[in-house]
Amino acid sequence: MNIIIIGCGKVGRVLAKQLNEENHDLVIIDNQEDKLQEFSEEIDALCITGNGTSVSTLNEAGIATADALIAVTGSDELNLLCCVVAKKVSECQTIARVRNPVYSEEIDFIQERLGISMIVNPEYLTAREITRLLQFPSALQIDAFSKGRAELVKFRLLPEFNLDGVKISELSSRYTQSVLICAVERDNGVIIPNGNFVLKNDDLISIAAAPVAARKFFHQLGLSTRPVKNALLIGGGKISYYLAQELLKNKIDVRILEKDKARCEELAELLPDASIVNGDSSDQKLLFQCGFQTAEAIVALTNIDEENVFLGLSAKEHSHSKQIVKINLLAFDRIISKLDVGSVVYPKFITADYIMQHIRASQNIAGNQVKTFVHILENRAEALEFSIKEDSKVAGISLKDLKIKKDLLICCINRKGNIIIPKGQDTIEAGDTVVVVSTHKGLQDIEDILERQV
């Protein structure tokens, strides 16, 4: 596809790198020449210095033949205007990043009236992901598929589970729930395991299951499966606002610690049912007065990554809470993943994955298109959900007879709302949606899971 990205910030760069890996033809527009010059050395793309709302700049970028334009500058209004101008001079799809909560109630209206293909709100998407984690606090990460009917749930294998040295094939005799171990992280590597794979303490395990089955499995392991009853949010930005809204809807008590007094007054008006405290999180006495030692969940959402990491480490030491840490800087994700700070969320990755899902689906409208897409396991693997069409080469054939690529696993099948954890004799049928986990990047169609015939 021919894709134009307007904005060379963190999200723009993440998107450009992912799209570049999948061999799309890219043009990147930004009004800061030095930023483009630096990035042009990292990526195979045409970089143009200019304003994304300028028709002449868009023409130079090839808007007439573009398949998609993605506007991810720091300004919501500029992103929307870029998309409107693009639609006036081309037939391409348009995607805009819009972050201001003022627009959140009007997104559908704006999208329909302006003819924008998709509007993405990173803060809301991040808040939604954190909400899932607080509903199931024993999990380190949860990715939802099939409109929430299936989940990939990540957790750490602890000694008290008594699973050290146990083969995956032996789990079915120990546990009654239908779950599938679809990925294991060990010694900085990622493994897509088979039944002979032997588990070890401290492995990071990702399972696929229906939500009820996943929670029953965790209960059998001895882990808590009830949602948190209260949460301390540190930092009062947009994510905290959206998150507090979601938690209050779910009858979870919310306290927000924010150091900016004016923002506290604004939050108190917007969130009358939440407790808003004005103060600095570096004040340990105040932190403890806010319930740092007793809160069931501590969510570090300040604008400073280092502060969030230290808050997560401190919460691990001083409390038995569920810890969630927000990280903006992407360069040190591997290092942070080694720290015991609880669950880590990256708004930039969440946003990029959401846009990539749309791009991959639009590539194959008539085929077995991508319905859901996320990078998992610190960006070292992908989980995708495909819809299956009548003429698919995988339909009607038992899984054991399909020649599937190595390092790839079919995790679950959604058949008319029923989640099937597949075995060798199961088949994929037209009308199903299928979740696949793989270390192969760039899968666009369900048939890409098959070994190519020589």
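How many of the five residues of S1 are buried? I put this question to the model, which is a predicted one. I found four of the five residues of S1 to be buried, so this strand is largely enclosed by the rest of the structure. Buried is taken here as under 20% relative accessible area.

**Entry 1: the parallel sheet**

I next traced the sheet to which S1 belongs. Six strands make up this open sheet, ordered S3-S2-S1-S4-S5-S6, and their pairing is parallel. At the edges I noted strand S3 (46-49) and strand S6 (118-120), each of which pairs on one side only. From one strand to the next, the twist averages 15 degrees.

I then looked up individual pairings. S1 pairs with strand S2 (residues 25-30) in the parallel sense, over five bridges. Within this pairing, I recorded Val-27 in S2 as the bridge partner of Ile-4. Strand S5 (residues 93-97) and S6 also run parallel, and three bridges join them. Here Ala-96 stands opposite Ile-119 in S6.

Which strands does helix H4 lie across? I found that helix H4 (residues 76-89) lies across strand S1 (2-6), strand S4 (68-71), S5 and S6. The helix runs at about 175 degrees to S5.

**Entry 2**

Val-184 stands opposite Ile-205 in S11.

**Entry 3: a surface patch**

Which residues form a nonpolar patch on the surface? I listed Phe-310, Leu-313 and Leu-339, which together have about 280 Å² of accessible area. Leu-313 belongs to helix H12 (residues 305-318).

Why does Leu-313 count as partly exposed? I found its relative accessibility to be 33%. Partly exposed covers the range between buried, under 20%, and exposed, over 50%, so Leu-313 falls in that class.

Definitions and conventions: Residues are numbered from 1 along each chain as its sequence is written. This is a predicted model: local features need pLDDT of at least 70, side-chain atom pairs count only at pLDDT 80 or more; totals for chains, interfaces and linings use all residues. Side-chain values use heavy atoms; hydrogens and water are left out. Patches are made of residues with over 30% relative accessible area and no salt bridge: like charges are joined within 9 Å, nonpolar side chains (Val, Leu, Ile, Met, Phe, Trp, Tyr) within 5 Å. Accessible areas come from the Shrake-Rupley method with a 1.4 Å probe; for residues, only the protein chains shown count as cover. A salt bridge is a side-chain nitrogen of Lys or Arg within 4 Å of a carboxyl oxygen of Asp or Glu. Buried means under 20% relative accessible area, exposed over 50%, partly exposed in between (1.4 Å probe, protein chains only). Two strands pair if DSSP finds at least two bridges between them. Axes are lines fitted to C-alpha atoms, for helices over the stretch in contact, and angles run from 0 to 180 degrees between N-to-C directions. Contact means heavy atoms within 4.5 Å.
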